[in-house]
Amino acid sequence: TDVRRTWQIGPDHIRIDGRHWQQSLSAIVARCTAGLGVSEPASAELYKMLVYDTGSFFLSHRDTEKVPGMFATLAIVLPSIYTGGELLIRHRGREVCLDLACEDSAEVGFVAFYADCQHEVRPVTSGCRLVLIYNLVRQGSGRLPEPPTYDAEQEGISDLLHRWAKAANTSAPETDPSDYPLDKLVYPLEHAYTPAEIGFARLKNADAAMATVLAAAARSAACELYLALLTIEESGSAEFTYPSRSSRYSRYGDYESADEDNFEVGEVFERSLTLSDWQAPDGSRPPLASLSFTDDELSPPDALQDEEPDEQMFLEATGNEGASFERSYRRAAFVLWPQAGRLQVIVGGGLDVSLPYLADLAQRWAAGAEEIGSALWNEAHQLATLLIANSDDWRKRRWPPSDAPARAASMLASLSQLHDSNAIASFLASVTANGHYGRDDNDAIAEASSLLPAWQVGELLEPILARNTAYHADACAELLERVSIRLSPAESSAGCSSSAAGHEPGVLLESAAAALLAALPGDPALTPGPEVWPRPEPITTALVTKLLTA
């Protein structure tokens with residue numbers, strides 16, 4: 001009883017009545033053999049009934065081959081009121097925990113596993129657990145089925161991933177972009193999962209087997225594997241078809257029903273493909289927002305062909321607008337990319353993805369008290385360099401406009417946390433001075449400038465004010481004021497010297513101040529008017545105060 005405590009009843013003392021039992025048992029056996037990958041005929045032979053009362057358990061063990069041809073055990077838990085008694089099954093480093101309790105008298109719970117799998121029953125904490133144990137027996141001769149190892153498949157996938165990662169890492173700059181290796185691969189799963197269910201520990205059947213193979217192959221090939229929720233949203237025109245009998249004909253001669261039977265999908269005008277709700281094999285959730293993907297990245301290419309939409313809605317014609325439709329598809333998917341190409345994937349997701357990722361790197365680096373130049377710091381620096389170089393993302397205007405400045409402030413805050421003075425200078429010269437600027441950036445710019453030498457701050461500030469004053473005069477005056485206070489001897493920090501080459505801070509900022517004054521709204525003959533868009537902010541009386549203070 002130190003190893004096993006349970007009551008048992010032999011098969012000759014058990015009788016199961018009911019017209020449908022044999023049919024139900026045959027359906028269970030068919031599902032189990034298919035799930036175990038056994039295609040040949042198999043039968044279930046009743047071995048015994050086990051009764052686990054309160055405190056009963058069975059420590060980890062393997063089932064022996066009890067009859068010729070036996071390859072697996074089938075356990076059917078009868079309707080019984082109990083708690084505890086979970087079944088744990090282990091095989092090749094993987095473990096699942098199953099609670100098969102069924103309180104409904106019309107239901108049974110069942111599980112099948114290969115005979116050489118380690119398994120145990122946890123203690124029953126209350127009530128009685130009633131279980132029928134069957135031997136699954138293969139009909140015919142030959143080698144018995146056994147748990148798959150997937151060694152050959154894993155080796156083949158690992159080789160493919162190695163070649164993919166190498167090609168992605170050695171693509172020459174002059175290569176035709178159409179010949180570039182894909183940044184990532186998206187492999188839709190067979191089963192349906194809700195966002196709350198997505199997790200490597202909760203995958204089913206073939207999906208679980210694929211996860212085991214891909215995780216091992218990705219590790220050996222220096223690739224990263226994630227689970228994500230794949231979402232495709234489409235909208236476009238719809239065609240009116242012959243109405244169904246349920247439609248109601250109005251006195252104006254139109255059918256007043258948007259019944260799906262009355263419409264069919266026409267042309268797709270808009271289509272978005274995104275990945276979200278990320279999870280790593282260890283259960284952690286990486287700081288990734290929604291990433292877009294392309295049809296080319298689907299593996300296999302026809303993975304979503306002929307799929308039915310999860311939601312579909314038709315909208316009737318209104319005014320000059322014709323009938324239209326909206327529909328969406330949601331699937332769980334594995335997502336793979338080479339470790340060396342991770343940052344390129346992040347940048348490809350846009351600033352809404354890359355900036356939170358950079359912030360997470362900066363926070364982890366600061367929390368770990370690592371030195372500048374550590375692996376984590378270098379990864380953050382490389383990501384910042386890519387973001388600064390990717391000028392197209394910063395030019396994209398967002399609505400509402402207040403969303404855009406917040407992204408520049410987020411970038412500068414991360415760079416300040418990293419003490420990355422080179423990236424700060426590069427960002428101010430390449431992004432802020434080129435018009436990506438707003439009042440909300442002033443705190444971040446002033447904070448970041450304290451990490452730069454005073455002479456460099458003066459040089460960087462001049463083009464920023466010259467470019468942005470026409471649109472943000474009040475904010476630019478405030479920026480000059482804050483930086484001049486930062487550079488004053490009383491406020492100067494250790495990272496920002498108050499003078500350079502014998503000059504006082506005022507001399508260093510003289511050119512920047514002149515650029516601000518020259519760009520202020522005034523005589524139209526001296527200052528050309530701003531473009532129609534974006535419209536300049538209104539001039540306020542605070543401008544005079546901030547300007548004179550600076």
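Biologist: What does Asn 468 touch?
Modeller: Leaving out residues up to four places away in sequence, Asn 468 touches Thr 432, Gly 435, Tyr 437 and Cys 476, where contact means heavy atoms within 4.5 Å. This is a predicted model, in which local features need pLDDT of at least 70 and side-chain atom pairs pLDDT 80 or more, while totals for chains, interfaces and linings use all residues. Residues are numbered from 1 along each chain as its sequence is written, and side-chain values use heavy atoms, with hydrogens and water left out.

Biologist: Is Asn 468 buried or exposed?
Modeller: Asn 468 counts as buried because its relative accessibility is 1%, and buried means under 20% relative accessible area (1.4 Å probe, protein chains only).

Biologist: Which backbone oxygens lie by its side chain, and how far away?
Modeller: A polar atom of the Asn 468 side chain lies 2.8 Å from the backbone oxygen of Ile 464, and the backbone oxygen of Thr 432 lies 3.2 Å from a polar atom of that side chain.

Biologist: Switching topic, how much space lies in the largest pocket?
Modeller: The largest pocket holds about 1400 Å³, the volume being the space filled by probe spheres set on the grid points. Of its 39 lining residues, the closest to its centre are Gly 35, Arg 94, Ala 112, Asn 205 and Ala 208.

Biologist: Which helix gives the largest share of the lining?
Modeller: That is H3, with six residues of the lining of the largest pocket.

Definitions and conventions: Buried < 20%, exposed > 50% of the residue type's maximum accessible area, 1.4 Å probe, protein only. Polar contact = N/O pair within 3.5 Å; in protein donor to acceptor, adjacent residues only side chain to side chain. 1 Å grid on protein atoms, 1.4 Å probe; cavity = no way out; pocket = protein on both sides within 12 Å on 5 of 7 lines; lining within 4 Å. Helix = DSSP H or I, 4+ residues; strand = E, 2+ residues; numbered from the N terminus.
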